[in-house]
Amino acid sequence: MSFDAAKHMDGTALRIGVVGCGYWGMNYVRIFNELPHASVVAVCEKRLDRLEEVVRRGPGVHLTTELDELLESDVDAVVICTEATTHYTIARQCLLAGKHVLVEKPITTAVEQAEELSRLAQVCSKVLMVGHTFVYNAGVRKVKECIRRDQSRIYYLHACRTNLGPIRHDVNALWDLATHDIAIFNYLLDNLPEWVSAIGVKVLRNCREDVGFITLGYQDGIVGHIHVSWADPNKAREVVVVCSDKRVVFDDLNALEQVRIYEKGIRPADDEPLNYGEHRLQIRDGDILSPKIPISEPLKEQCRHFLECCKDGHRPLTSGEEGADVLRVLAAVDESVMAKGARIEVTRNGSPSYTPA
């Protein structure tokens, strides 16, 4: 991707517009105003009380309730923080208006829409990025470093993301919560799953699934499992990778030891089997380590990466293509839930678009 970034080369700030100013929208307003070479100059929000909150936190921002008015202003890039069902329409309108786009996850609610937005961004020579924030989390990046720096074989991964709500009204719990862990798994493995099997239930008698169990089959026999829930009083945000010689745990709720490495594992021995079908096993018992994790705010790292891509024309780590990849998995999850857990193949658009990072 390339585009004329000359007007940003003189150090002037990229002018940011934010569409949707709920919890995440306000965070984006704060972060982009804290980052050098960026300034939030316009906010679009239907709720007047939220616009008043923007004024209270920082005057001088152009406020509007109409997207067309924001797009007709001098903003260079737009951050979309509205309900998922509106992402496609708003992102398409922004790209056609010549704006770079950062859209909250999921990028859209349909694979075809995400693919169209990616093509449109290329045609318009604009950056399209999706907010898979955990890919920019220093703890998740440390996990990838730990499992990739030697020849340790990955056996399986599992993730747990539970809490009492908050219940969303645009997507179910699997689309709301599992999106994070699917993006994390794809990032750690540099690939998409080949198949999924999923169960979703409506324990709260809601119109959408509020509890889900997802199994994902990756290449080389690697299996991932994800549990999500809006109905569990125990809040959990954990990803575990079990390898042949270590177990690596990412606990987003543990501020002191966000990553722990258990240098323990089991693998087949290199010598001959005892008899047909039976192999010796080597058991490794080592230390438990808590590596130092750089202090950073993942959302700020994500926004900083967006600014760099807008300036240099680089493809984002979580581009529209990666957003579409996650949707391909979620589409298979939906199909499996409808089929009561049947194994569903994950469709691919040619070769996997996920690139190692």
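Me: Which residues form one aromatic cluster?

Reply: Please keep in mind that this is a predicted model. The aromatic cluster consists of Y28, F32 and F306. A search of the whole structure finds four aromatic pairs. One of them is Y28 with F32, which is stacked, with 6.3 Å centre to centre and 20° between the planes. Y28 and F32 are both found in helix 1, four residues apart, which is about one turn of the helix.

Me: Is Y28 buried or exposed?

Reply: Burial is judged from relative accessible area, and under 20% means buried. Y28 has 0% relative accessibility and therefore counts as buried. F32, with a relative accessible area of 0%, is buried too.

Me: How are the rings of F32 and F306 arranged?

Reply: Planes over 60 degrees apart count as edge-to-face. The planes of F32 and F306 stand at 75°, so this pair is edge-to-face, and the ring centres are 6.4 Å apart.

Me: Where does P36 lie, and is it buried or exposed?

Reply: P36 is in the loop that runs between helix 1 and strand 2. An exposed residue has over 50% relative accessible area. P36 reaches 54% relative accessibility, and therefore counts as exposed. Distance along the chain and distance in space can both be given for a pair of residues: P36 and L189 are 153 residues apart in sequence and 33 Å apart in space, C-alpha to C-alpha.

Me: Let us turn to the strands. Which strands does strand 1 join, and in what sense do they run?

Reply: In a regular strand the side chains alternate between the two faces of the sheet. Here, strand 1 (residues 14–19) is joined to strand 2 (residues 38–44) by six bridges, and the two run parallel. G17, for instance, has A42 in strand 2 as its bridge partner. Strand 1 is also joined to strand 4 (residues 77–80) by four bridges, again running parallel. On that side, V18 has V79 as its bridge partner. Strand 1 is mostly covered, with five of its six residues buried.

Me: Which unit do strand 1, helix 1 and strand 2 make?

Reply: Together, strand 1, helix 1 and strand 2 make a right-handed β-α-β unit.

Me: Why is strand 2 described as largely enclosed by the rest of the structure?

Reply: Five of the seven residues of strand 2 are buried, so strand 2 is largely enclosed by the rest of the structure. Strand 2 also pairs with strand 3 (residues 62–64) in the parallel sense, over three bridges. Between these two strands, C44 has T64 as its bridge partner. The chain passes from strand 2 through helix 2 (residues 48–57) to strand 3, and this β-α-β crossover is right-handed.

Me: Which strands pair with strand 8 in the antiparallel sense?

Reply: Strand 8 (residues 195–201) and strand 9 (residues 211–217) run antiparallel and are joined by seven bridges.

Me: Finally, how should I read a pocket? What is the volume of the largest pocket, and how many residues line it?

Reply: Rolling a probe the size of a water molecule over the atoms shows where empty space is left. The largest pocket has a volume of about 1,500 Å³. Its lining comprises 47 residues, and those nearest its centre are Y23, W24, E104, R168 and D176. Among the elements that give two or more residues to this lining are helix 1 (23–34), strand 7 (154–164), helix 7 (173–189) and helix 8 (298–312). Helix 1 provides the largest share, five residues.

Me: How many residues of this lining are nonpolar, polar and charged?

Reply: The lining of the largest pocket has 15 nonpolar, 15 polar and 17 charged residues.

Technical notes. Residues are numbered from 1 along each chain as its sequence is written. This is a predicted model: local features need pLDDT of at least 70, side-chain atom pairs count only at pLDDT 80 or more; totals for chains, interfaces and linings use all residues. Side-chain values use heavy atoms; hydrogens and water are left out. On a 1 Å grid over the protein atoms alone, a cavity is a set of points where a 1.4 Å probe fits but cannot get out, and a pocket is an open set with protein on both sides within 12 Å along at least five of seven lines; lining residues have an atom within 4 Å of a point. Grid points are joined across faces, edges and corners, and a volume is the space filled by probe spheres set on the points. Ala, Val, Leu, Ile, Met, Phe, Trp, Tyr, Cys and Pro count as nonpolar, Asp, Glu, Lys and Arg as charged, and the others, Gly among them, as polar. Buried means under 20% relative accessible area, exposed over 50%, partly exposed in between (1.4 Å probe, protein chains only). Two strands pair if DSSP finds at least two bridges between them. A crossover is right-handed if, with the strands pointing away from the viewer, the path from the first strand over the helix to the second runs clockwise. Rings of Phe, Tyr and Trp (its six-membered ring) pair if their centres lie within 6.5 Å; planes under 30 degrees apart count as stacked, over 60 as edge-to-face and the rest as tilted.
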